[in-house]
Amino acid sequence: MDVFSAMMKLREGEKVFMDEIQGFFSADADALQAPMELKIPSIGIYTGKGASHSWLWAVDTFEKYGLDLIFPFNEEELHLVSYFEFLFVAGGDTFALAEGLGRDGAEKIKKFVKEGGIYLGSCAGAYLVLYTSKPPLNLFNFVPVQIANFESELPPVRTMREKAFNRYACCFIIHPVRDEVVIETSPFPPLFLNEKVSAPIFGGPVFKEPEGRGRVLARFFSFTDRTVFLFDREVAERLLPEKPAIIEWRTGNGAFYLFGPHLEHPSFRFANSVLLKIIAYNVGKMRKKDSLPDVFFKGVPLRLPESIRRLVSDMFIKALSIGDMRAFWKIGEKYYVPEHIPVFVRAIHKRMFKKRIFIEKEEMEIIENDLKISKDILSRISPSTPEEKVELLITSLKDALRIFLRAYFRRVGYEAHSLSQVS
């Protein structure tokens with residue numbers, strides 16, 4: 001069976017094994033040379049300061065393939081990091097991520113990986129843990145790898161100037177292309193196959209060759225008809241092909257997996273398969289946790305009240321209506337555009353009628369309060385809306401989502417616990 005089938009069988013409570021040597025999946029351990037039994041891992045997803053909407057891609061993809069023991073958390077909940085087996089840090093503003101997580105977050109991430117946890121860093125989440133001397137990023141010097149998309153002089157920008165580069169001291173981190181590229185995977189564990197896979201890139205790092213404990217799991221291979229060139233094509237051809245796109249860095253009992261492209265994007269099935277194989281392989285080898293964290297067992301089963309459903313429905317209609325608005329709001333080092341806002345609202349809207357959620361009264365009050373703040377700003381938003389107002393809108397939406405989604409996914413914890421009791 002393929003990795004997608006394996007994940008879904010796990011979600012249905014069936015036993016699934018992965019061959020540690022060849023990478024095959026099977027429900028029959030005897031059919032494999034070196035079987036490792038898989039399970040659904042607990043995944044903490046950082047949603048706090050600096051995190052953009054892309055963490056919701058990870059939520060959608062994990063849920064789609066049955067990896068839905070998910071717990072969103074922010075910078076005020078860093079004590080939760082040790083509870084999880086995997087930690088996912090997605091795209092956004094790298095400097096704001098470092099500021100939000102701070103020294104305490106850096107120490108907790110370092111301890112988490114040393115003790116066997118797996119860090120999955122995509123785009124800004126990958127930049128975050130690379131070596132640098134610039135504060136506060138230097139708190140996170142965990143992976144001694146440099147980036148190749150670093151220029152002392154800025155080449156002529158051809159399009160999307162607001163997305164094409166970031167200033168870094170006296171130099172520039174440039175993003176030569178956006179959207180779809182092709183990467184070529186390594187035939188070694190945890191991917192096992194040498195294959196070409198389409199994946200999207202939206203400002204993620206292009207790595208230089210790692211040394212020591214680092215391994216290249218995939219390299220940039222080529223461009224496609226959907227590739228958008230932000231500089232002359234020659235710049236992209238110089239900086240991307242054959243450069244590392246995915247790297248692994250093992251430390252202590254755990255590892256960092258860093259992705260230039262967004263493997264978690266739900267529209268790229270084969271990129272998702274690469275991410276799922278990395279997770280499955282590490283689940284099979286992991287001995288970090290024996291039981292689900294207590295954070296998956298809280299609240300009582302309730303449906304969202306009509307007042308919240310009405311708020312979300314009204315906001316969703318308004319958010320869709322501004323999708324074509326021409327506006328750019330710079331928050332920190334990250335540019336937001338109107339089309340980002342429906343992504344946040346849709347994440348609640350598409351789930352709020354499905355099932356009861358396990359939620360506490362105080363959490364319901366937080367969701368409603370944050371949604372009211374968001375609706376008030378959204379109802380009056382325009383291209384001239386001050387950036388601090390847009391930042392409050394994004395923050396309020398993220399906070400409401402964080403609480404709602406953790407309550408939504410708690411039901412999975414209860415279901416998994418019930419299955420384990422039966423078996």
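**Entry 1: cis peptide bonds**

I looked up Pro136 and found this residue in the loop between helix H4 (124-127) and S8. Helices here are DSSP runs of H or I with at least four residues, strands are runs of E with at least two, and both are numbered from the N terminus. The bond that joins Pro135 and Pro136 is a cis peptide bond, with omega at about 0°. I noted a cis peptide bond from Pro189 to Pro190 as well, where omega is near 10°. Pro190 sits in the loop between S11 and strand S12 (196-202).

Before going on I wrote down the conditions: this is a predicted model, in which local features need pLDDT of at least 70 and side-chain atom pairs count only at pLDDT 80 or more, while totals for chains, interfaces and linings use all residues. Residues are numbered from 1 along each chain as its sequence is written, and side-chain values use heavy atoms, with hydrogens and water left out.

**Entry 2: positive phi**

I checked Phe192, which is in the loop between S11 and S12. Phe192 is not a glycine, yet its phi is positive, about 70°. Is Phe192 buried or exposed? Phe192 counts as buried because its relative accessibility is 12%; the cut-offs are under 20% relative accessible area for buried, over 50% for exposed and partly exposed in between, with a 1.4 Å probe and protein chains only.

Glu242, also not a glycine, has a positive phi of about 75°. I placed Glu242 in the loop between helix H6 (233-239) and strand S15 (244-251). Its relative accessible area is 63%, so Glu242 is exposed. I also noted Gly66, which follows H2 and has a positive phi near 85°.

I traced strand S4 (residues 43-46) and S5, which pair in the parallel sense over 4 bridges. Two strands count as paired if DSSP finds at least two bridges between them. Tyr46 has Phe73 in S5 as its bridge partner. Together S4, helix H2 (residues 55-64) and S5 make a right-handed β-α-β unit. Right-handed means that, with the strands pointing away from the viewer, the path from the first strand over the helix to the second runs clockwise.

How much of H2 is covered? I found 9 of its 10 residues buried, among them Trp55, Trp57, Asp60 and Glu63. In a regular strand the side chains alternate between the two faces of the sheet. For strand S5 (residues 70-73) I found cover on both faces, with Ile70 and Pro72 buried on one side and Phe71 and Phe73 buried on the other.

I listed an open sheet of 3 strands in the order S2-S1-S3, with antiparallel pairing. Strand S2 (25-26) and strand S3 (35-37) are at the edges with a single partner strand each, so one side of each has no neighbour in the sheet. Strand S1 (residues 17-19) is joined to S2 by 2 antiparallel bridges, and Phe17 has Ser26 in S2 as its bridge partner.

Which helix lies across S1, S2 and S3? I found helix H7 (residues 269-285) there, running at about 90° to S3. Axes are lines fitted to C-alpha atoms, for helices over the stretch in contact, and angles between N-to-C directions run from 0 to 180 degrees.

I then listed a second open sheet, in the order S8-S10-S9, also of 3 strands and antiparallel. Strand S8 (150-151) and strand S9 (165-168) are its edge strands, each pairing on one side only. S8 and strand S10 (residues 171-174) are joined by 2 bridges, and Glu151 stands opposite Phe172 in S10.

**Entry 3: Val177**

I located Val177 in strand S11 (residues 177-185). Val177 counts as buried because its relative accessibility is 2%. Leaving aside neighbours within four places in sequence, I listed its contacts (heavy atoms within 4.5 Å), including Ile201, Phe223, Phe229 and Leu240.

**Entry 4: the chain as a whole**

I counted 11 helices and 20 strands in the protein chain. Of its 423 residues, 58% are buried. The C-alpha trace spans about 60 × 55 × 40 Å along its principal axes. Among contacts with a separation of 6 or more, 75% are between residues 24 or more positions apart.
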